Amino acid sequence: MLELAILGILHESPMHGYELRKQLTTKLGAFRAAISYGSLYPTLRRLQSEGWISEGSPEAVAPEVTAEIPVMTSRRGRIVYKITAEGKERFQELLAQAGPETYDDPAFGIHFAFFARTDQQTRLRILEGRRRRVEERREGLRDVLARAAERLDAYTLELQRHGLDSAEREVRWLEELIATERSGQTPGRGTPDVVPPSDTPERSG
C-alpha cells in the first residue's frame, strides 16, 4: 500500500524525500498511522530498483518547495524523486485492483485517497466490498453485546459500544458514497449529510 501511495503522489509531481513525507501525511489523513516512515526509504529504494521511480534534478522541483526544507534535513530528505513511465503504468495497475485486500484497513484508506484517479466501476467494487466488511464487523459487535454484555466490565463494554457506533456510522457513510457513485455525482455535492468515519473516540450516549 505504501507503494501505491508513493507512486500516486509522485504521479502529481517530482518532490524531495522530505516533501514526500509531508504529502503522505496530508494525503492520507487519518490513515497515515498505517504507514511506518521507517519503511519509507527502503520502499523508495525498492521502487528505484524496479525502475518505477528515479532520482531527478533539484530543478524539477519548484524553488519555493525546496526553500521549505529545514536546513538540518538529511541528504536523503533532499533527494528529488520522480515517477517513470513504467511507474505510471504500475500505478494504474495498482489502482485497478479491487480484491478483498482493498476492503480492509489500511488498504481501503489508501485506495480511497486516490479515488479521483480511479474508474467508477472499481470505486464501486471497493466501496461495496468495504461496506460488506464493515457490516460483518458491526454484526460481530452486536453479537458480543447481545451475548456477553453482562460479563464485561464497564470500560470493555464502553469500548465495544464505541466500536459498534463507529461501524454503524461508517456503514451509513459508505451507503451515501455508493448512492452518490451510482448517480454519477461527486461526493460533497448534493450530498451534505455524508459523514466520514472517525477514529477519534467519542462518548456513548
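The buried residues of α6 (85–95) pack against α1, β3, α7 and α8 (120–148). Here buried means under 20% relative accessible area, exposed over 50% and partly exposed in between, with a 1.4 Å probe and protein chains only. Helices (H or I, at least four residues) and strands (E, at least two) are DSSP runs, numbered from the N terminus. The residues in question are G87, F91, L94 and L95. They cover an arc of only 100 degrees around the axis, which puts them on the same side of α6; the arc is that of the directions from the helix axis to the C-beta atoms. An α-helix has 3.6 residues a turn, so residues three or four places apart point the same way. On the face of α6 turned away from its buried side sit the exposed residues A85 and E89.

A word on how to read these values. This is a predicted model, in which local features need pLDDT of at least 70 and side-chain atom pairs count only at pLDDT 80 or more, while totals for chains, interfaces and linings use all residues. Residues are numbered from 1 along each chain as its sequence is written, and side-chain values use heavy atoms, with hydrogens and water left out.

Now step back to the whole chain. The secondary structure of the protein chain comes to 9 helices and 3 strands, and along the sequence the pattern reads α-β-α-α-β-α-α-β-α-α-α-α. Of the 205 residues in the protein chain, 39% are buried. Contact means heavy atoms within 4.5 Å. Among contacts in the protein chain with a separation of 6 or more, 69% are between residues 24 or more positions apart.

Let's go to the start of the chain. Helix α1 (residues 2–12) is mostly covered, with 9 of its 11 residues buried. Those buried residues are L2, E3, L4, A5, I6, L7, G8, I9 and L10. The axes of α1 and α2 come within 10 Å and cross at roughly 105 degrees. Axes are lines fitted to C-alpha atoms, for helices over the stretch in contact, and angles run from 0 to 180 degrees between N-to-C directions. Angles under 35 degrees count as roughly parallel, over 145 as roughly antiparallel, 65 to 115 as roughly perpendicular and the rest as oblique. α1 and α2 are therefore roughly perpendicular to each other. From α1, the residues L2, A5, I6, I9, L10 and E12 meet L20, Q23, L24, K27 and L28 of α2.

Helix α2 itself (residues 17–28) has 12 residues and spans 16 Å from its first C-alpha to its last, close to the 16 Å expected at 1.5 Å a residue; that expected span is 1.5 Å times one less than the number of residues. Which residues of α2 are buried? They are G17, E19, L20, L24 and L28. They cover an arc of only 145 degrees around the axis, which puts them on the same side of α2. After α2 comes G29, whose phi is positive, near 55 degrees.

The next neighbour to look at is helix α3 (residues 40–50), which packs with α2 at an angle of about 110 degrees, the axes being 12 Å apart. That makes α2 roughly perpendicular to α3. The crossing of α2 and α3 is right-handed: a crossing is left-handed if the near helix is turned anticlockwise from the far one by less than a right angle, and right-handed if clockwise. G17, Y18, L20, R21 and L24 in α2 meet L40, Y41 and L44 in α3.

V80 lies in strand β3 (residues 80–83) and is buried, with a relative accessible area of 2%. The C-alpha atoms of V80 and M15 are separated by 5.2 Å, although these residues are 65 residues apart along the chain. In helix α8 you will find R138, which is buried, with a relative accessible area of 16%. Leaving aside neighbours within four places in sequence, R138 is in contact with L164, A167, E168 and V171.

Finally, look at the loop between α6 and α7, where G99 is found. G99 is buried, with a relative accessible area of 18%. A cis peptide bond joins D105 and P106, with omega about -5 degrees. Most residues other than glycine have a negative phi, and most peptide bonds are trans.
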